[in-house]
Amino acid sequence: MACGKEVAKEIEWRIKVEEDDTLKRRVVGFMWAATAGVALKLWKFVKKAWELGVNDPRKFIHCLKVGVALSLVSLFYYWKPLYDGVGGNAMWAVMTVVVVFEYTAGATICKTVNRMCGTSLAGFLGIGVHWVASRAGEQYEPIIIGVSLFLLASAATFSRFIPTIKARFDYGAMIFILTFCLVSISGYRVDELLDMAQYRMFTIIIGSILCIIVSVIIRPIWAGFELFVLVTGNLDKLANSLQCCVARYFDGSEASDEESDKVSEKELLGYKCVLSSKATEEAMANLARWEPGHGRFNFRHPWRQYVKIGASMRSCASCLDALIGCINSDNKASDEMKKNMRSISMKVGAKSASVIREIATTMRNMTKSSKLDILVTEMNSAAQDLRSLLSSYPNLVNAPSHNAKRSAQTETAPSDIPQAAKVEIPLLQIIQVVTVASLLIEIVARVEGIVETVEELSDLANFQPEKRVKSKQHSPDSKISPDQQIDEETDRTLQMV
């Protein structure tokens with residue numbers, strides 16, 4: 001019996017040891033798996049961050065600029081002569097650099113000017129209110145400070161709802177409220193209020209000026225130039241989307257491979273960038289107004305005109321969006337109708353895209369185009385041809401009882417009416433292609449709106465006339481007129497599509 005009990009105890013002990021070892025292995029395996037998962041996620045994060053910096057090195061440069069500004073302003077703490085001059089208020093300079101340093105020079109200048117003006121104005125008003133309250137006696141001092149705080153804070157907060165102030169001085173109004181509260185409230189318990197306010201304003205101005213210097217001198221990123229690139233790039237995307245949309249509908253050709261299919265789809269959806277760029281354009285235009293002259297842009301460059309150009313582009317892009325929605329609808333037009341409308345519709349799309357591309361070139365070169373008027377005339381002529389073609393399709397749908405009458409009419413119809421007008425076509429087979437053609441005509445009208453806004457920009461910004469460069473193709477001896485050359489370029493584009 002004793003031997004049997006010992007054997008049973010030994011077996012139980014072995015089972016417990018094996019269970020403990022299994023539990024330890026599971027815990028260790030779980031810890032290793034968790035560590036590997038965290039390491040993998042960290043590696044993916046670092047990889048994405050690196051790719052982000054490689055794709056746009058200016059982000060790395062901005063980080064270095066912030067580090068330089070903070071290192072310089074920290075000298076007010078590390079260098080004793082500077083620290084003796086400002087004392088513990090040097091931290092306000094460091095806080096100013098952290099708060100106001102932005103990615104673009106315009107944003108940095110806007111926030112620094114707002115901070116300096118808001119701090120100075122609130123400081124002076126706070127000191128004035130404190131002086132008046134102190135002269136009124138201890139009984140009325142908190143009442144005067146409280147009433148002034150209520151009135152000025154409420155007025156400054158309401159001013160932030162005014163569109164003009166919100167667009168340019170919203171940050172300054174917020175800093176005004178903050179500074180006035182600090183000065184007026186702390187002044188009630190602090191005796192040396194004037195010295196405290198003076199040192200704080202002095203250190204804030206130092207930090208603000210340092211931010212402006214670093215942002216403008218070390219590889220500046222101009223908000224105006226970013227707006228310029230955004231608008232001209234959106235013009236190219238709009239032109240590519242328009243031409244690709246019309247070609248895909250009327251040509252009906254499929255992409256040869258997956259890569260070209262992705263490129264075509266990207267070009268087709270490029271107009272969505274135009275539709276979603278309103279907020280960015282308005283923000284950049286407001287920031288660009290704070291920037292000094294740089295590159296080809298003067299200090300008083302008409303940046304607000306770029307917002308109007310963006311609005312006219314969005315009007316055209318919204319019509320293009322409706323066009324794509326119509327093309328993707330379930331009601332499909334017959335191949336015969338597409339064939340009749342194909343040539344003139346693709347010409348309208350190609351001419352409109354050429355006008356938009358010429359506008360983009362005009363803006364990039366900042367010159368007045370010599371052939372823009374010709375392209376607009378040809379675009380309108382093509383749109384008129386499409387309008388005439390639509391007008392030559394009367395009474396396409398008839399009841400079955402009138403077939404004989406309709407046959408008699410078609411026999412006596414003039415020969416100059418298109419063949420499509422002499423046959424009966426069900427309504428569902430023509431509604432899509434007619435809608436597409438009508439939207440193309442509307443797009444032409446909206447492209448003219450873009451041309452008008454760009455011409456206004458060229459007048460406001462004093463664009464110079466385009467310099468004509470002589471070449472072998474356009475030599476005086478050539479018998480080909482400029483109109484014929486443009487038609488040949490359009491035909492080559494249609495053949496490529």
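So, Asp-170: at 18% relative accessibility it counts as buried, where buried means under 20% relative accessible area, exposed means over 50%, and partly exposed is in between, using a 1.4 Å probe and protein chains only. Its side chain meets that of Arg-160 in a salt bridge, 2.9 Å from N to O. For us, a salt bridge is a side-chain nitrogen of Lys or Arg within 4 Å of a carboxyl oxygen of Asp or Glu. Arg-160 is partly exposed at 25%. The two are ten residues apart, with Asp-170 in helix H8 (residues 163-186) and Arg-160 in the loop between helix H7 (141-159) and H8. Helices (H or I, at least four residues) and strands (E, at least two) are DSSP runs, numbered from the N terminus.

A quick word on what you're looking at. This is a predicted model, where local features need pLDDT of at least 70 and side-chain atom pairs count only at pLDDT 80 or more, while totals for chains, interfaces and linings use all residues. Residues are numbered from 1 along each chain as its sequence is written, and side-chain values use heavy atoms, with hydrogens and water left out.

Back to charges. How many salt bridges does the count come to? Ten. One of them joins Asp-459 to Lys-368, with the closest N and O atoms 3.5 Å apart. That pair spans 91 residues, from Asp-459 in helix H18 to Lys-368 in strand E1 (residues 367-368). Another joins Asp-56 and Lys-59 at 3.0 Å; Asp-56 is buried at 14%, and Lys-59 is partly exposed at 32%. Those two also belong to a salt-bridge network with Arg-58 and Glu-226.

Now the nonpolar core, meaning a set of buried Ala, Val, Leu, Ile, Met, Phe, Trp, Tyr and Cys residues joined through side-chain atoms within 4.5 Å. The largest one has 68 residues, and among the members touching the most others are Leu-238, Tyr-306 and Ile-359. Several helices give two or more residues to this core, including H10 (223-251), H15 (335-365) and H18 (427-460). Which helix gives the largest share? That's H18, with 14 residues. Take Ile-359: leaving aside neighbours within four places in sequence, it is in contact (heavy atoms within 4.5 Å) with Leu-235, Leu-372, Ile-450, Val-451 and Val-454. There's also a second, separate core of 14 residues, with Ala-69 and Leu-210 among them.

On to the rings. A search of the whole structure finds seven aromatic pairs. Rings of Phe, Tyr and Trp (its six-membered ring) pair if their centres lie within 6.5 Å; planes under 30 degrees apart count as stacked, over 60 as edge-to-face, and the rest as tilted. Trp-50 and Phe-60 make a tilted pair, 6.0 Å centre to centre with 50° between the planes. Trp-50 is exposed at 57%, and Phe-60 is partly exposed at 39%. Phe-297 and Trp-303 are tilted too, at 5.1 Å and 50°, and both of these are buried. Ring pairs also link those two with Phe-225, Phe-228 and Tyr-306 into a cluster.

Last, charges over rings: NZ of Lys or CZ of Arg within 6 Å of the ring centre and within 35 degrees of the ring normal. Lys-111 lies over the face of Tyr-171, 4.7 Å from the ring centre. Arg-168 has its charged end over the ring of Trp-290, 5.0 Å from the centre.
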